[in-house]
Amino acid sequence: MINADVAMTSEADTTINVEKIRTDFPILKLNVGDKPLIYLDNAASCQMPQQVIDRLVHYQTTQHANINRAVHYLSEVATMEYEKARHRVQQFVNAREDREIIFTSGTTDSINLVMQGYGRKFIKAGDEIILTTLEHHSNIVPWQMLAEEKGAVIRVVPINDAGELDIEAYEKLFNDRTKFVGLIHVSNALGTINPVKSMIAFAHQHGVPVLIDGAQAAPHMAVDVQDLDCDFYVFSAHKLCGPTGIGMLYGKSSLLESMEPFKGGGDMIASVTFEKTTYAAIPHKFEAGTPPIAAAIGFGAAIDYLCSVGMEQIAAYELELLHYATESIQGIKGARIIGTAAHKTAVLSFVLDGIHPHDIGTILNEDGIAVRTGHHCAQPVMERFKVPATSRASFAFYNTKSEVDALMAGIRNVQKIFL
Amino acid sequence: MNTKSLYQEVILDHNRKPRNYGKLEHPSHHAVGHNPLCGDRLDIALQIENNQIDQIAFHGESCAICKASASMMTAAVKGKSPTDAEILINEFREMATGKLDLNNPNHLGRLTVFSGIRDLPTRVKCAILPWHTLHAALNAVSSVSTESDNDPMHAAPGSG
Ligand SMILES: Cc1ncc(COP(=O)(O)O)c(C=O)c1O
């Protein structure tokens, strides 16, 4: 359902009306200086359509109260809408039940929850945690903190020159000390789509649970956690046309039930006395305190919006943009793509001979073009390719081929300035 | 924002043909500056004799803004006393962070081509790194980072 199928249907099925879609995004009408905004930093955060903005306004103007606490009308409406949003997330990733979906503040928060709730309970001295070179810092640092605390060991899956995981090396890393795998679904720095399904199956043969960081996958392809059979899946709403400050953790219910709560407080308890507190059942056990209710509802609305466009259509259209951008930049002398995996999302990470990425980013900004420059919170990837940083154009389904053309003209202009 | 004024010919020229680029055999003062956020690394060496910067050289890997800033800095402080260099360091930092009123008398001269950097908070550190490193060398600190907490020249957070 994920990469292979999408690649096959790409040419036939690009039924996206981009011009109409663009009118849904008010921010795309913005000018930067005297140039129209060309927003190619979607991997960092995606823009929000009017439908989601309207949903937030509707909630805040007619439905807001605290949830799970009072019997009055608004509290009941807010609680219902909040739980409806959870249900939308459940459907979106095809979890078995709503209670397998925990609202968090984002990908980083979700990973830390698993580290605290699962890792601190089950990982012991000498145990091994497998991560990959492609991980975002948010799926490295929490595990390093845990390894430091417990005396556990981190093992790293290498990548090849195209930016693809070395699967043979991955399989060789397993032994009877292996207790956890943290795996990025799609690389934010390079766009590589990893074969997570077979990697999860392999880990399960060794009885090892797997967390998938889906921050860059969920916005760009249909994700089915049952089909993947992952143990945990995490992503943020803001990379998927939703608000910041909200994200999700999917966990198999048996695992979530076995875990310790990460935070203590209101809403996560069944009963409290000074002698003993009984925790609430999942998902509430992991949602202490008042959550970002509006953001969660906006998250649900963002999923509605994406589904109205169609995840398959989004994947196919973005692949077309990627092919176009890849071919275009290959025609520019002195430009080199970093990350040339066979299966990629629409991420174009590149370097220009003799020109530092920060200079590229600043000059492109003069043309209204927003790209990200730097290490993209993936320093091990930069190290692997022996570059201090790259420039990264990351596309969304509202970008167009003429924006790709503008990027290429911008790159040529940078080269001219530095000639 | 007007970044056009940043990539002016002076800056591009110093980037292409940096002055005082290289190493010194036996420097009396030396420091390495590092910006971990963008991987920039700058090595600055000085020969100070009779309270005067006799020789200065730099090398390293960085963006054009950082390199041009280093090049122009070395040209500006050569022949000056460490005290005068510190005055310039201070003025440059104040200019880059938008705290200096350029209408008031200062010693910056052509270095004011960098004044536009104040509108680009993520690039301020690129321009300041060489000055920062010079300050460390003059004060016998061998290595500095733009990200350390006790950094007296701490600028706005850079882009990751
Ligand atoms: C692959 C990946 N993982 C994790 C994150 C962290 O997401 P957040 O900052 O929303 O917690 C990001 C976003 O930068 C990402 O791209």
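How much area do chain B and chain A bury between them, and what part of it lies on carbon and sulfur atoms?

## The interface of chains A and B

In this predicted model, chain B and chain A bury about 1500 Å² between them, with 51% of that area on carbon and sulfur atoms. The contact draws 22 residues from chain B and 19 residues from chain A.

The rule finds 1 salt bridge across this interface, and it joins A:Asp359 to B:Arg123, whose closest N and O atoms are 3.0 Å apart. Between the two chains, 8 residue pairs are counted in polar contact, with both residues at pLDDT 80 or more. On the side of chain B that touches chain A, at least two residues are supplied by each of α1 (9-16), α2 (64-77) and α4 (121-138), and the largest share, 3 residues, comes from α1(B). Sorted by class, this side of chain B has 11 nonpolar, 6 polar and 5 charged residues.

## The ligand and its surroundings

The residues that surround the ligand include A:Thr107, A:Thr108, A:Asn188, A:Asp213 and A:Lys239, and the shell as a whole divides into 2 nonpolar, 8 polar and 2 charged residues.

Of the 400 Å² of accessible area that the ligand has on its own, the protein covers 83%.

Technical notes. Residues numbered from 1 in each chain as written. Chains lettered and ligands numbered in written order. Predicted model: local features only at pLDDT ≥ 70, side-chain atom pairs only at ≥ 80, totals over all residues. Heavy atoms only, no water. Contact = heavy atoms within 4.5 Å. Buried area = accessible area lost by both parts, 1.4 Å probe. Salt bridge = Lys/Arg side-chain N within 4 Å of Asp/Glu carboxyl O. Polar contact = N/O pair within 3.5 Å; in protein donor to acceptor, adjacent residues only side chain to side chain. Helix = DSSP H or I, 4+ residues; strand = E, 2+ residues; numbered from the N terminus. Nonpolar A, V, L, I, M, F, W, Y, C, P; charged D, E, K, R; others polar. Near = heavy atom within 4 Å. Areas by Shrake-Rupley, 256 points an atom, 1.4 Å probe, with all protein chains shown as cover.
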